[in-house]
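Hi,

Have a look and tell me what you think.

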Amino acid sequence: DSSTSGLATVVASRCTGVLIKNLSLTNGKYGVYFEGVNSSVITSCKIYGNHTTGIYIENFFSSPKVYLSDGNVISNNIISANGSYNIRLIESTNSQIIYNEVKNLSSDSGVYGIYMNACSNTKVRYNNVSSNGFVGIRVSGHTTYIVNSVVYDFLSTGNILEDNVIKSHTRGIQFGLVNDISVIRNIIQNNGYGIWALDTNIIQQ
């Protein structure tokens, strides 16, 4: 897609069933850039040294059509030292982030390990999230769009953080404006704050 060319080492726009496997992705603005991508997998990759974000996933709005990012899997990757975000998901649904090593080894106060904004039904499981500077895992947000007189309302709801190791951050986990999140059997240690929450309903801990 011409609008995203030159941004990333791998770009996919409005696609289904993409497989990215066994690659080393470095020195782009993004390591992987998905917009409006469904049922795709990023696995067994080394994603490091990209300038802003390691993996970036968002929806694609182009009136009159909307392409949602749904059902993607990020698994068994080593994602490190990528600018401000190692993994960043915006308004995606039904994603899985599992068995990844997510680290930055940076003291930069703007660095996030896993950042999810207005995402729903995301499962974050069995990850080792360490030394990402400011926040290990951040879940937040509520956004609304109107496209061709149709309202698209995205909430942070129904997400699960389970069996992760989260250590050595200013804030281990940060929540803001989140509905119904489950936080189960995580090891949260050596952080300035273990869990920092604002206007959040944690339903299981």
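Predicted model: local features only at pLDDT ≥ 70, side-chain atom pairs only at ≥ 80, totals over all residues.

**Salt bridges**

K103 and E101 make a salt bridge, with their closest N and O atoms 3.1 Å apart; the term needs a side-chain nitrogen of Lys or Arg within 4 Å of a carboxyl oxygen of Asp or Glu. Residues are numbered from 1 along each chain as its sequence is written, and side-chain values use heavy atoms, with hydrogens and water left out.

Back to that pair: K103 is partly exposed at 25% relative accessible area, and E101 is partly exposed too, at 28%. (Buried means under 20% relative accessible area, exposed over 50%, partly exposed in between, using a 1.4 Å probe and protein chains only.)

The structure has four salt bridges. E162 takes part in one with R125, closest N and O atoms 2.7 Å apart. That pair links distant parts of the chain, with E162 in strand β21 and R125 in strand β16 (residues 123-125), 37 residues apart. Strands here are DSSP runs (E, at least two residues), numbered from the N terminus. E162 also bridges to R185, at 2.6 Å between the closest N and O atoms. R185 sits in the loop between β23 and β24 (187-189), so this pair ties together parts 23 residues apart in sequence. E162 is buried at 10%, R125 is partly exposed at 23% and R185 is exposed at 55%. Through shared partners, R125, E162, D163 and R185 join into one network.

**A buried asparagine**

N164 is in the loop between β21 (160-162) and β22 (165-167), and counts as buried at 0% relative accessibility. Its side chain reaches the backbone nitrogen of Y126 at 3.3 Å, and a polar atom of that N164 side chain lies 2.9 Å from the backbone nitrogen of N127.

**Aromatic rings**

There are 10 aromatic pairs in the structure (rings of Phe, Tyr and Trp, the last by its six-membered ring, with centres within 6.5 Å; planes under 30 degrees apart are stacked, over 60 edge-to-face, the rest tilted). Y85 and Y115 have ring centres 5.2 Å apart and planes at 80 degrees, so they are edge-to-face. Y85 is in strand β12 (residues 85-90) and Y115 in strand β15 (residues 112-117), 30 residues apart. Y85 is buried at 16%, as is Y115 at 9%. Y112 and F134 are edge-to-face as well, with centres 5.8 Å apart and planes at 70 degrees. Ring pairs link Y85, Y112, Y115 and F134 into a cluster.

The charged end of R88 sits over the ring of Y115, 5.2 Å from its centre (CZ of Arg or NZ of Lys within 6 Å of the ring centre and within 35 degrees of the ring normal).

**Nonpolar cores**

Which residues have the most contacts inside the largest nonpolar core? They are V32, I74, I114 and M116, in a core of 32 residues. A core is a set of buried Ala, Val, Leu, Ile, Met, Phe, Trp, Tyr and Cys residues joined through side-chain atoms within 4.5 Å. β23 gives the largest share of this core, five residues. A second, separate core of five residues includes Y85, Y112, F134 and V135.

Cheers

Definitions and conventions
Helix = DSSP H or I, 4+ residues; strand = E, 2+ residues; numbered from the N terminus. Polar contact = N/O pair within 3.5 Å; in protein donor to acceptor, adjacent residues only side chain to side chain.
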